[in-house]
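Hi,

Here is the structure I promised to pass on to you. Have a look at it first, and then read my notes below.

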Amino acid sequence: MLVHELARQGAPDDVAIIDHDRRFTYREFDEAVTNCRDRLHAAGIKMGDRVGIFSRNSAEYVFAYFGIASLGAIAVPINFQLSNREIAFIIKDAGIKFLMTNEPLNLVDAMAQLRCDIKVRQIDIRTCGRKKEGLPPAPPLPGTFDEHHPCVIIYTSGTTGTPKGAVLSHRNLTYNAWQMEWMGCKPEHIVLCVLPMYHCFGWTCSVLYSFYKGATVVILDQFTPKETIATIRNEKVTDLYIVPSICSLLTKLASPEDMQSVRLVVSGGTTLPMKIQTDFTNKFGVSICEGYGLSESSPVVTMNPPGKAKTGSIGPVVPGIRWRIVDGNGDDVPRGETGEFVIKGDNVMLGYWNLPEATHEALRGGWLHTGDVARIDSDGYIYIVDRLKDMIISMGENIYPREVEELVYQFPGIAEAAVIGIEDKLRGQAGACFYSLHEGASINIRELKKFLQANLALYKIPREFHELPSLPRTSTGKIAKRQILKDFLA
């Protein structure tokens with residue numbers, strides 16, 4: 001199946017999209033994609049062209065993405081929070097000649113700084129779904145075009161350096177939507193899309209999977225607690241795909257009555273602290289199904305099945321994925337022991353755009369190396385221990401920050417926590433704990449240290465503790481450890 005064919009999965013008269021006071025049936029959705037296709041073809045877009053999308057969530061975002069895909073062109077979603085310099089980098093790297101956006105961007109200086117002479121044509125995304133009289137219909141895709149052709153380039157956040165573009169095919173995306181089958185979405189369900197559409201988690205889970213099942217997608221252009229809670233209540237939302245920070249705010253601000261229509265809550269994007277999960281479930285009576293994935297896998301790899309979720313686990317591997325947990329030599333570790341989590345399946349990317357060496361490294365031996373340290377229990381549930389790159393080596397001992405963070409979160413008054421490795425002349429590395437507090441709270445660091453000492457080996461206790469007003473986050477809700485360390489060292 002090709003991605004744009006998902007616009008025809010639902011019953012023609014069923015509602016496909018709700019965008020504030022606008023409603024589009026599946027018939028109207030399909031017509032809007034055709035209109036967009038014709039407009040883009042008339043603008044000169046052809047198979048293989050890379051087309052940027054720079055916009056907040058909207059129905060038009062969906063029409064644009066599907067219209068691009070229907071021409072055999074390649075969509076390049078761009079984080080709308082990026083600076084002009086970062087946008088220009090992606091334009092140059094992907095060779096983008098067309099950019100769909102709400103408002104014209106002035107990229108002249110940023111492009112000049114990168115010595116990029118690409119002439120970018122900007123197209124108003126707000127008009128893309130409307131029919132334009134007199135336009136000839138775009139020709140059909142050639143018979144040689146199949147689901148293994150590229151559909152999208154997802155640029156990684158760049159927290160570990162220069163962003164890389166993960167190239168995903170139509171097959172990668174539609175297969176990953178099928179792999180979510182056990183989440184039980186049905187045509188009568190109402191799915192909230194509040195995570196940014198440029199991010200793989202929000203796009204595949206909230207949008208593509210919902211259309212694959214013929215359900216209704218309710219679109220919000222950003223997360224604001226008041227509007228999100230009102231939308232869940234008024235539209236009787238059943239399915240939520242959110243990040244831990246949103247889970248925490250809903251627990252704090254929503255009432256059980258606001259959330260009574262909700263049947264499914266899936267948390268992803270970053271690790272879910274157990275306290276946030278427990279508090280949410282205790283208040284609303286709905287378990288959070290934590291999942292796991294990465295852009296390179298479209299992104300879903302594991303998910304806790306509804307009704308069978310295990311707290312602290314990211315769930316079993318979804319159907320259609322082979323997996324291993326390996327040591328530094330690439331050999332399988334015994335069940336229950338930790339190692340790097342590697343996978344293969346039809347949801348795994350084609351590779352990184354124009355980066356053959358990085359592609360070879362990520363997919364060495366035919367397996368996608370996730371960079372995450374994991375273990376598996378006797379029931380087949382996976383537990384992420386930490387990121388390989390986040391692991392702290394102190395006096396030859398491995399310290400996994402997530403283990404320490406989970407305990408810090410349990411200490412009264414703590415709102416956010418991040419444990420980061422810093423240089424230590426004696427030990428090589430030591431941990432530094434950065435934290436923020438709930439409003440009105442205060443803590444005694446000596447008591448926090450005592451609490452940690454009672455529950456951890458002494459070598460795992462952070463050397464330093466630093467209180468911050470709040471911890472910086474990436475656009476996808478992850479605590480930005482690299483930024484914290486940069487600010488600390490400065």
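In this predicted model, P244, C247, S248, L250, T251 and K252 of helix α8 are in contact with I276, D279, F280, K283 and F284 of helix α9. Sorted by class, the residues of this contact are six nonpolar, two polar and three charged.

How are the two helices set against each other? Helix α8 covers residues 244–253 and helix α9 covers residues 274–284; their axes are 9 Å apart and the packing angle is about 40 degrees. Because of that angle, α8 counts as oblique to α9. Their crossing is left-handed.

Next, the second largest pocket. Its volume is about 270 Å³. You can find its lining by selecting M274, G312, R375, Y383, I384, V385, R402, E403 and E406. Two elements, β19 (382–387) and α11 (401–410), each give at least two residues to that lining. In the lining of this pocket, four residues are nonpolar, one is polar and four are charged.

And how many cavities of 30 Å³ or more are there in the whole structure? The search finds one. The largest cavity holds about 50 Å³ of space. Around the largest cavity you will see S394, I399, V419, R427, A430, G431, Y459, K460, I461 and P462. This lining is made up of six nonpolar, two polar and two charged residues.

Enjoy exploring, and write back with any questions!

Best wishes

Note on methods. Residues numbered from 1 in each chain as written. Predicted model: local features only at pLDDT ≥ 70, side-chain atom pairs only at ≥ 80, totals over all residues. Heavy atoms only, no water. 1 Å grid on protein atoms, 1.4 Å probe; cavity = no way out; pocket = protein on both sides within 12 Å on 5 of 7 lines; lining within 4 Å. Points joined across faces, edges and corners; volume = space filled by probe spheres on them. Helix = DSSP H or I, 4+ residues; strand = E, 2+ residues; numbered from the N terminus. Nonpolar A, V, L, I, M, F, W, Y, C, P; charged D, E, K, R; others polar. Axes fitted to C-alpha atoms, helices over the stretch in contact; angles between N-to-C directions. Parallel < 35°, antiparallel > 145°, perpendicular 65-115°, else oblique. Left-handed = near helix turned anticlockwise from the far one by under 90°. Contact = heavy atoms within 4.5 Å.
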